[in-house]
Amino acid sequence: MRSEYAWLLALCLLAGGCTTVKPPPEAAANAEDGPLPRPVLVIGGIFDPGLTATHVARYIQRETGEQRVLAVHPGWLWSFDDTADHVVTELERHFPSDDREETI
């Protein structure tokens with residue numbers, strides 16, 4: 001009976017986006033390549049409780065040496081406009097721009 005619950009939990013996590021695929025080593029950038037040209041923004045999915053985007057952001061930091069990586073978790077915001085506003089607000093808070101019409 002317990003294995004049935006384990007399968008159900010695994011399927012729920014998979015449906016919620018709690019999985020990542022590791023790229024092949026030759027495709028990964030590394031710290032010796034220098035800083036990335038701009039900050040990296042990782043946006044969690046609608047059912048992501050904050051785990052997946054954070055995991056991916058840490059992976060990018062570790063593999064590239066880039067510290068300007070931001071994980072944003074829109075969570076359960078239901079409208080696209082609310083989610084977009086939340087993402088832009090977080091982006092501007094962490095990486096401010098001089099131009100009010102443009103984000104970095």
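1. A quick reminder before the details: a residue counts as buried under 20% relative accessible area, as exposed over 50%, and as partly exposed in between. Ile46 comes out at 39%, so it is partly exposed. Keep in mind that this is a predicted model.

2. On the overall layout, the protein has 3 helices and 2 strands, and along the sequence they run α-β-α-β-α. Of the 104 residues, 23% are buried. Take the contacts between residues at least 6 apart in sequence: 59% of them join residues at least 24 apart.

3. Now the surface. The accessible surface is about 7900 Å², and carbon and sulfur atoms account for 60% of that. Ile46 itself sits in the loop between β1 (40-43) and α2 (52-64).

4. Helix α3 (residues 80-94) passes a simple length check.

5. Which residues of α3 are buried? They are Thr83, Val87, Glu90 and Leu91. These cover an arc of only 100° around the axis, so they lie on the same side of α3. The general rule behind this: an α-helix has 3.6 residues a turn, so residues three or four places apart point the same way.

6. As for what α3 packs against, its buried residues meet β1 and β2 (69-72). On the face turned away from that buried side, α3 carries the exposed residues Asp81 and Arg93.

Technical notes
Residues are numbered from 1 along each chain as its sequence is written. This is a predicted model: local features need pLDDT of at least 70, side-chain atom pairs count only at pLDDT 80 or more; totals for chains, interfaces and linings use all residues. Side-chain values use heavy atoms; hydrogens and water are left out. Helices (H or I, at least four residues) and strands (E, at least two) are DSSP runs, numbered from the N terminus. Buried means under 20% relative accessible area, exposed over 50%, partly exposed in between (1.4 Å probe, protein chains only). Contact means heavy atoms within 4.5 Å. Accessible areas come from the Shrake-Rupley method with a 1.4 Å probe; for residues, only the protein chains shown count as cover. The arc is that of the directions from the helix axis to the C-beta atoms.
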